Amino acid sequence: MKFKFWGVRGSIPAPGPHTARYGGNTTCIEVRSDNGTLIILDGGTGIFALAQSLLRELPVSANIFITHSHWDHIHGLPFFIPLFIPGNTVRLHGAMDPVTGSGVEQVMAVQLQYSYFPVREAEMKAAIEYKSLAIGQSLEVGDVTVTSTLLNHPVIDFGYRIECNGKSLFFTGDHEPYYNIYDREDADYAEYQALIEEKQSSVDQAMRGVDALIVDSSYTREEYPAKKGWGHGYFDASIEMALRVGAKRLYCTHHEPTRGDEELEAVFATVMERHASRLGELQVHLAREGLEVDL
Amino acid sequence: MRGAVGMGQISVELGKRLNSAVESMPAFPKSVQRILELTRDINCRPKDLVGVIEKDPVITIKVLKIINSAYYGLPNKITSINQSAVYLGVNTLKNLALSFSTIGILPKKNEANFDIQHYLVSSLVTANLVRAIGAKFAAGEVDPTDCYIAGLLHDFGKVVFAQCMPEEFNQALALSASDDLPLHKAEEKVIGADHTLVGAMLAKRWQFPASLADCIAGHHGPKYETPLAECLLVADLIAERLGYDSNGKISAGGVEHYLPKRFGGDLDATMAELGDTSKMIAEAKMFSQSEG
């Protein structure tokens with residue numbers, strides 16, 4: 001199994017000379033199984049370049065898994081060119097939204113409205129299928145198994161574990177480490193703490209022992225307190241997570257749109273220095289647009 | 001109209017009506033006001049929001065209904081808003097609460113002449129009483145969260161009646177007053193089913209924990225089989241004594257209530273042992289005031 005980053009930026013595309021090396025496109029990861037089964041994690045703007053690369057292998061059978069419905073994870077979807085070509089099959093998977101009661105089809109429907117996009121879904125020639133996944137559901141896709149895990153973000157977010165022939169990867173989508181909403185002196189503090197520890201351990205279980213762990217690492221440890229509750233992680237927490245679950249490689253992604261390449265590398269170097277002595281076998285990398293990893 | 005198929009049973013059609021009555025049921029004025037206030041502030045503290053939601057039976061029920069649905073497939077059924085916050089995330093919980101709040105507010109005056117304000121204070125007082133009683137008389141046997149939620153939701157069937165079949169419920173209230181009957185007996189005579197049955201039916205339909213549904217079903221007897229049900233019974237009796245029985249009149253007509261062993265068979269002694277309840281009453285009243 002191998003995977004390739006097509007978009008590593010968080011929140012909004014950030015093109016320009018300052019992001020030329022790591023890339024300005026929002027989240028999109030291509031995963032290829034040993035048999036060539038195509039899994040696409042998220043449809044940020046990175047999916048447009050991926051779509052063009054797929055035109056060499058028509059007909060395309062694409063299995064897209066959306067972590068959550070925030071724009072930066074879906075706004076490339078209408079530009080996924082295989083949708084327009086007869087003979088292709090595009091299967092879109094994701095969570096149900098408890099607030100609207102809608103399934104994953106909502107992420108296309110909201111974008112294909114007359115005011116926002118010129119083409120209606122009925123005019124797209126590929127066979128389009130929608131599948132809303134249950135929490136913890138495992139799905140067989142060709143020679144791959146994909147399992148969803150409910151994570152912590154301001155909208156329902158699924159992390160996905162992908163397994164093929166003994167190799168595995170886990171992508172968090174956007175995720176903030178669980179934290180207690182009460183202060184220590186509050187009566188509910190202890191109960192809440194027990195609840196988040198229980199949830200944390202079930203999430204850890206879902207990531208246990210993966211060959212590659214791809215994690216939302218938007219912030220630095222210093223930036224995080226001002227962004228608490230925004231639903232994103234920070235480098236140090238991602239490293240803790242990778243060590244805790246025994247991942248072999250960690251890829252830090254969802255880079256801040258305001259962080260240029262040089263600053264990103266400087267921030268990363270500081271983090272690596274801080275944790276160098278405790279990483280053991282764990283390899284830690286910055287996700288970069290175009291980076292391809294063969295597991 | 002008689003929607004029931006016989007004593008102690010609810011027809012499929014009535015079940016559907018009651019269920020959809022809850023779907024469209026607005027929340028209580030004070031919670032709606034607080035939720036709208038809190039959600040206007042981007043820095044609103046999650047714990048403040050949880051504090052409001054867990055005091056409103058309508059919003060609590062709707063959140064529990066979602067979190068306990070088959071979709072989430074959680075291994076253990078959930079009875080707390082705190083746990084819902086961990087699973088759904090605070091922002092999703094906030095937006096759910098907001099969407100329930102925009103339905104409107106429960107009117108103070110309804111066609112059934114059922115005092116909604118008094119119902120809310122009674123439910124909050126009972127919720128606090130069950131938790132205090134559980135801690136004192138059944139520590140280690142009952143979960144404090146389950147105690148609270150059992151008290152908060154035990155009389156939910158009454159609001160559903162008031163919203164869904166106001167005429168019949170009004171008749172039941174009148175009959176209970178004129179014939180000095182406990183309200184649940186009057187409901188059975190007029191409607192063919194009482195609020196315990198309706199509350200439990202809905203709790204089961206929404207896949208709430210069985211212990212909670214059973215507790216709601218059995219809170220007017222004849223048997224109290226679990227420690228939680230025993231605590232709820234005693235809390236209900238004490239709430240009645242304190243004047244917070246939400247028109248229940250459970251001791252009307254000189255009905256004798258058998259007190260489970262753990263309470264020594266004496267309600268006065270149990271109340272004395274429980275100590276001062278004025279603080280929990282004041283808290284419940286403060287929350288439920290819609291003005292100010």
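A salt bridge here is a side-chain nitrogen of Lys or Arg within 4 Å of a carboxyl oxygen of Asp or Glu. The legends below refer to a predicted model.

**Figure 1. A salt-bridge network in chain A.** Salt bridges link A:Arg221, A:Glu222, A:Asp236 and A:Arg274 into a network. Over all chains, the structure holds 24 salt bridges. Side chains of opposite charge can pair when their charged atoms come close.

**Figure 2. The interface of chain A and chain B.** Chain A contributes 26 residues to the contact and chain B contributes 22 residues. About 2000 Å² is buried between the two chains, with 59% of this area on carbon and sulfur atoms. Between chain A and chain B there are 2 salt bridges. One of them joins the side chains of A:Asp186 and B:Lys47, at 2.7 Å from N to O. On the side of chain A that touches chain B, helix α4 of chain A (residues 189-207) supplies the largest share, 6 residues. By residue class, that side of chain A has 18 nonpolar, 2 polar and 6 charged residues.

**Figure 3. The largest nonpolar core.** This core has 174 residues. The members that touch the most other members are A:Phe3, A:Leu41, A:Leu169, A:Leu213, B:Ile133 and B:Phe156. Helix α7 of chain B (residues 116-137) gives the largest share of the core, 11 residues. Another core, of 27 residues, lies apart from it and includes A:Cys28, A:Val60, A:Val104 and A:Ile128. In soluble globular proteins, nonpolar side chains tend to be buried together.

**Figure 4. Surroundings of A:Leu169.** Residues up to four places away in sequence are not counted in this view. Among the residues that A:Leu169 touches are A:Met1, A:Phe3, A:Val31 and A:Leu41. Its contacts also include A:Tyr160, A:Arg161 and A:Ile162, as well as A:Val210, A:Ala212, A:Ile214 and A:Leu295.

**Figure 5. The pair A:Arg161 and A:Glu163.** The two side chains meet in a salt bridge, with 3.1 Å from N to O. A:Arg161 has a relative accessible area of 14% and is therefore buried, the cut-off being under 20%. A:Glu163 counts as partly exposed because its relative accessibility is 31%, which falls between the 20% and 50% limits.

**Figure 6. Two salt bridges within chain B.** B:Arg45 and B:Asp48 meet through their side chains in a salt bridge of 3.0 Å, N to O. B:Arg45 is partly exposed, at 43% relative accessibility. B:Asp48 is partly exposed as well, at 24%. B:Asp155 and B:Lys158 form another salt bridge, their closest N and O atoms being 2.9 Å apart. Both B:Asp155 and B:Lys158 are buried.

**Figure 7. B:Asp194 in a loop of chain B.** B:Asp194 sits in the loop between α11 (183-190) and α12 (195-205) of chain B. Its relative accessible area is 9%, so B:Asp194 is buried. The side chain of B:Asp194 reaches the backbone nitrogen of B:Leu197 at 3.0 Å. With neighbours within four places in sequence left aside, B:Asp194 is in contact with B:Phe161, B:His184, B:Glu187 and B:Glu188. B:Gly157 is 37 residues from B:Asp194 in sequence, and their C-alpha atoms are 7.8 Å apart in space.

Definitions and conventions:
Residues are numbered from 1 along each chain as its sequence is written. Chains are lettered from A and ligands numbered from 1 in the order in which they are written. This is a predicted model: local features need pLDDT of at least 70, side-chain atom pairs count only at pLDDT 80 or more; totals for chains, interfaces and linings use all residues. Side-chain values use heavy atoms; hydrogens and water are left out. Contact means heavy atoms within 4.5 Å. Buried area is the accessible area (1.4 Å probe) that two parts lose on being put together, summed over both. Helices (H or I, at least four residues) and strands (E, at least two) are DSSP runs, numbered from the N terminus. Ala, Val, Leu, Ile, Met, Phe, Trp, Tyr, Cys and Pro count as nonpolar, Asp, Glu, Lys and Arg as charged, and the others, Gly among them, as polar. A nonpolar core is a set of buried Ala, Val, Leu, Ile, Met, Phe, Trp, Tyr and Cys residues joined through side-chain atoms within 4.5 Å. Buried means under 20% relative accessible area, exposed over 50%, partly exposed in between (1.4 Å probe, protein chains only). A polar contact is a pair of N or O atoms within 3.5 Å; within protein, one must be able to donate a hydrogen and the other to accept it, and residues adjacent in sequence count only if both atoms are side-chain atoms.
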